[in-house]
Amino acid sequence: GPHSHSLTMDPKYNSNPYSMHNANQEINQRKTRGGLFEDTASAHTAAPTSTGRTQGHMGQMGQMGPMAPSVPMFNPAVAGPSIGGAFPPSALLSPAIATLGADYGQRFIGSSTAAVKENLSRYGLTMESIKYYFNVNNSYVVNKLSIVLCPFGHKNWSRLHLSESPGFKAPRDDVNAPDLYIPLMAFITYILAVGLALGYGNRFRPEALSGTASWGLATAAVEIVGLKLGLYLVAVNSIDLFDLLAYVSYKYLGITLSILTGIFLPFLYYPVLLYTTTAVAFFLLKTLGPLMFSVAGPGTSPEDKQRRNLFLFGVAAFQFPLCWLAIVRP
């Protein structure tokens, strides 16, 4: 019949009908292409082996070009013991390893905390020193507000010393001691007063509050750096950093009062501003003066005393432009 030649081929094809079909299909395709490869048809059709099905696929893939090199698949059974097999996850959670990790973490945290405390203590930045400036009571707050806003009638400006150890008494026991509670509340009230003044003038924007806070903090930082530098030049190193921060921040009481006066009593704005600025300058003269001249020993020359006086009056005079620049009117 028409296909008798395919039926009388090598018995290997008869054992696998799938291979016979592939071989016949390849011969027909070559005949339809014009017999260009008729001479080599036998070479292609004689290739199948006993693997049959696999060789049929290889014949089809050969028409598309050379095969890509095969990539060996990972076989855990052949690869040998893995990391997970050598160290099972349960071993990482064993009590011995957990205890070792906990001990190492505690030692690391302890050494880091000690290093941070040591570095901060060099500049007096410890939790105990900060708590000192917030150790106030109602009586202290009322008396301190009256001294800052009306310092001209206060007579005794000396701070009280501790009897059993060196240092000064806490603010709740000494009205002349500086604190950070009143400056902090005054600074927050100043920011709110600026927002109120801008609102009355239809100029309020939310970012104005953050800008006011940033300006105030930057001004305080620059002022403290200038004070520390000036005190170093006049050979005064006994004033703590937080003392200076408290002294330069009391000015926000007078500034806030001036802003509120400009809102509700505009005709009194300039007299109140002049009075509060003068009160701030006088307050700094009376508080920084005793601290600066208390370190003046018998060997202090008149020139040193004169430099300290000039520096002290310069700090007081510098409060006028600072207060005026901080004012915001409706």
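## Notes on a predicted all-helix chain

1. Let's start with a lining. The largest cavity is surrounded by seven nonpolar, two polar and two charged residues. Here nonpolar is Ala, Val, Leu, Ile, Met, Phe, Trp, Tyr, Cys and Pro, charged is Asp, Glu, Lys and Arg, and the others, Gly among them, are polar. The model is predicted, so to speak with care: local features need pLDDT of at least 70 and side-chain atom pairs 80 or more, while totals for chains, interfaces and linings use all residues. Numbering runs from 1 along each chain as its sequence is written, and side-chain values use heavy atoms, without hydrogens or water.

2. Now the overall build. The chain has 17 helices and zero strands (DSSP runs numbered from the N terminus: H or I of at least four residues, E of at least two). Of its 330 residues, 32% are buried, meaning under 20% relative accessible area with a 1.4 Å probe and protein chains only; over 50% is exposed, and in between is partly exposed. Take the contacts (heavy atoms within 4.5 Å) between residues at least 6 apart in sequence: 71% of them join residues at least 24 apart.

3. Back to that cavity. The whole structure holds three cavities of 30 Å³ or more, and the largest has a volume of about 60 Å³. A cavity is a set of 1 Å grid points, over protein atoms alone, where a 1.4 Å probe fits but cannot get out; lining residues have an atom within 4 Å of a point. Volume is the space filled by probe spheres on points joined across faces, edges and corners. Helix 13, helix 14, helix 15 and helix 17 (302-326) each supply at least two lining residues, with helix 13 giving the largest share, four. Among the residues that line the largest cavity are Trp215, Glu223, Lys251, Tyr252 and Leu322.

4. Next, an open space. The second largest pocket holds about 250 Å³. Leu184, Phe187, Leu217, Leu245 and Ser249 are the closest to its centre, out of 14 lining residues. Helix 12 (181-200), helix 13 (206-233) and helix 14 (241-249) each give two or more residues to this pocket's lining, and helix 13 gives the most, five. By class the pocket lining has 12 nonpolar, two polar and no charged residues. A pocket is an open set of points with protein on both sides within 12 Å along at least five of seven lines.

5. Is Thr256 buried or exposed? Thr256 is buried, because its relative accessibility is 7%. This residue sits in helix 15 (residues 251-264). A polar atom of the Thr256 side chain lies 2.6 Å from the backbone oxygen of Tyr252. Beyond neighbours within four places in sequence, Thr256 is in contact with Ala186, Thr189, Tyr190 and Ala193.

6. Leu273, in helix 16 (residues 269-293), counts as buried because its relative accessibility is 1%. Leu273 and Ser258 are 15 residues apart in sequence, with 5.3 Å from C-alpha to C-alpha. Apart from neighbours within four places in sequence, Leu273 is in contact with Ser258, Trp324 and Ile327.

7. Last stop, a loop. Arg172 lies between helix 11 (138-149) and helix 12 and is partly exposed, at 41% relative accessible area. Not counting residues up to four places away in sequence, Arg172 touches Asn135, Val136, Asn137 and Tyr140. The C-alpha atoms of Arg172 and Tyr133 are 9.5 Å apart, and the two residues are 39 apart in sequence.

How values were computed: A polar contact is a pair of N or O atoms within 3.5 Å; within protein, one must be able to donate a hydrogen and the other to accept it, and residues adjacent in sequence count only if both atoms are side-chain atoms.
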